[in-house]
Amino acid sequence: MSGFVTIDRSVFGHGFFPKEKMSEREAWIWIIQNAAWKDTQHRVGGKILPVPRGSFMATLRELQAVFCWKSDTKVRNFLKRLEGERMIERTACGPRNAPKTHVTICNYEEYQTAGRAKNAPETHQARHEK
């Protein structure tokens, strides 16, 4: 089976579905869905840092809460495995006592634009600015 399906970013917050523990597959889909679809910025401590398309910033605790996993160790190990498979790259940003993890999805364009129009990001932006 090949190809892709478009899933609205709001699917994980939809009221029909109860908040429950995510599988690793669901967590991976959440990561792809929550990556920035255009270059943006994020405040970390007292600095504004760039967040390029295909990446996002989060603390391990934030991811733990979203995934409904019992420990941030499980999140950390999951991210390490994704990194080992070259699915993501990550760096720690911010103060040592409250670091954020900058997650960049490798090959993000394959997940978002394979087989799509060249102007898909602009079309998406225009739809959301209405």
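This is a predicted model: local features need pLDDT of at least 70, side-chain atom pairs count only at pLDDT 80 or more; totals for chains, interfaces and linings use all residues.
Trainee: Which helix gives the most to the lining of the second largest pocket?

Mentor: Helix α1, residues 24-34, gives the most, with 3 residues.

Trainee: Why are α1 and α3 called roughly perpendicular to each other?

Mentor: Helix α1 and helix α3, the latter spanning residues 72-84, pack at an angle of about 70°, with their axes 12 Å apart. Angles of 65 to 115 degrees count as roughly perpendicular, and α1 and α3 are therefore described in that way.

Trainee: What makes up the contact of α1 with α3?

Mentor: On the α1 side E24, A27, W28 and I31 take part, and they meet F78, L79, R81 and L82 in α3. The residues of this contact divide into 6 nonpolar, no polar and 2 charged.

Trainee: Which residues of α1 are buried, and what do the buried residues of α1 pack against?

Mentor: Residues A27, W28, W30, I31, I32 and Q33 in α1 are called buried because the term applies under 20% relative accessible area. The buried residues of α1 pack against β3 (55-58), α2 (60-67), α3, β4 (88-93), β5 (100-105) and α4 (108-112).

Terms used: Residues are numbered from 1 along each chain as its sequence is written. Side-chain values use heavy atoms; hydrogens and water are left out. Helices (H or I, at least four residues) and strands (E, at least two) are DSSP runs, numbered from the N terminus. Axes are lines fitted to C-alpha atoms, for helices over the stretch in contact, and angles run from 0 to 180 degrees between N-to-C directions. Angles under 35 degrees count as roughly parallel, over 145 as roughly antiparallel, 65 to 115 as roughly perpendicular and the rest as oblique. Contact means heavy atoms within 4.5 Å. Ala, Val, Leu, Ile, Met, Phe, Trp, Tyr, Cys and Pro count as nonpolar, Asp, Glu, Lys and Arg as charged, and the others, Gly among them, as polar. Buried means under 20% relative accessible area, exposed over 50%, partly exposed in between (1.4 Å probe, protein chains only).
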